[in-house]
Amino acid sequence: TFSQSLYFVPEAGRVRVYGRDISARRQAERQVKEQGELLETVVNHLLGGAALVRGSDLIILLANPAYRVIASGREIVGRPLFEVWPETQPMVADLCRQVLSTGEPCTAVDQAFSVSRTTGAHLEPAYFSWALHRVRLPGDQGWGILSTVWETTQRRRTEQELRVANERLREADQRKNEFLAMLSHELRNPL
């Protein structure tokens, strides 16, 4: 691929043509575009939620579809964390500032939160596993936070149901054993 420029040279009464090969530049531009599309595909197909937060003001710059599902009914991109998740403040904002200042990631597994599923709805208990990582933003935007999150509420509920069912089975087994012991005693020592 070539780039051409035409210049009129009045003294000579001529037009000069300058050209240069820009094939390498076009190839590099195509590669950058393809890498951007590939990255967008990966982020949009992650099973867990991912959001990119600007460090200077904690405004959410990007949120993948899985993150949007967790925050259903809320405007996310372009909004500060404290507006999107007011019920988690000031804890989450403080953790973000800590990660920004230290560079050390912050993670939690099955952390309990009281969240509102939609704006203005009542609070309900929910569990999340999440991580906050400091990342360099493009240009002169400084540091940001990559927030990844997986809701674990249903798994926690299922685990609790299994614990209750196991306890009931243990109690039934204990009652069965007591009955069999009593029956055995009665059979050996009839009244």
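**View 1. Gln111 is partly exposed, with a relative accessible area of 22%.** Here partly exposed falls between buried (under 20% relative accessible area) and exposed (over 50%), using a 1.4 Å probe on protein chains only. This is a predicted model, where local features need pLDDT of at least 70 and side-chain atom pairs pLDDT 80 or more, while totals for chains, interfaces and linings use all residues. Residues are numbered from 1 along each chain as its sequence is written, and side-chain values use heavy atoms, without hydrogens or water. Gln111 sits in strand β5; strands (E, at least two residues) and helices (H or I, at least four) are DSSP runs numbered from the N terminus. Look for the polar contact between the side chains of Gln111 and Trp130, at 2.8 Å (N or O atoms within 3.5 Å, one able to donate a hydrogen and the other to accept it; residues adjacent in sequence count only if both atoms are side-chain atoms). Leaving out residues up to four places away in sequence, Gln111 touches Met91, Ala126, Tyr127, Phe128 and Trp130 (contact: heavy atoms within 4.5 Å). Val99 is 12 residues from Gln111 along the chain, and their C-alpha atoms are 18 Å apart.

View 2. With a relative accessible area of 5%, Leu58 is buried. For orientation, most residues other than glycine have a negative phi, and most peptide bonds are trans.

**View 3. Gln89 and Pro90 are joined by a cis peptide bond.** Its omega is about 5°. To find Pro90, follow the loop between α3 (81-84) and α4.

View 4. Beyond its neighbours within four places in sequence, Ile60 contacts Ala51, Leu52, Val53, Tyr67, Ile76, Val77, Gly78, Arg79, Leu81 and Val84.

**View 5. The largest cavity contains about 270 Å³ of space.** Of its 16 lining residues, Tyr67, Trp85, Val92, Ser147 and Val149 are the closest to its centre. Helices α2 (65-70) and α4 (91-102) each give two or more residues to this lining, as do strands β5 (106-116), β6 (123-136) and β7 (143-151). On a 1 Å grid over protein atoms alone, a cavity is a set of points where a 1.4 Å probe fits but cannot get out; a pocket is an open set with protein on both sides within 12 Å along at least five of seven lines, and lining residues have an atom within 4 Å of a point. Points join across faces, edges and corners, and volume is the space filled by probe spheres set on them.

**View 6. The largest pocket has a volume of about 200 Å³.** Its lining consists of Leu39, Glu40, Val43, Asn44, Ala50, Leu52, Leu62, Ala63, Asn64 and Leu146. At least two lining residues come from each of α1 (23-44), β3 (49-54) and β4 (60-63). The biggest contribution is from α1, with 4 residues.
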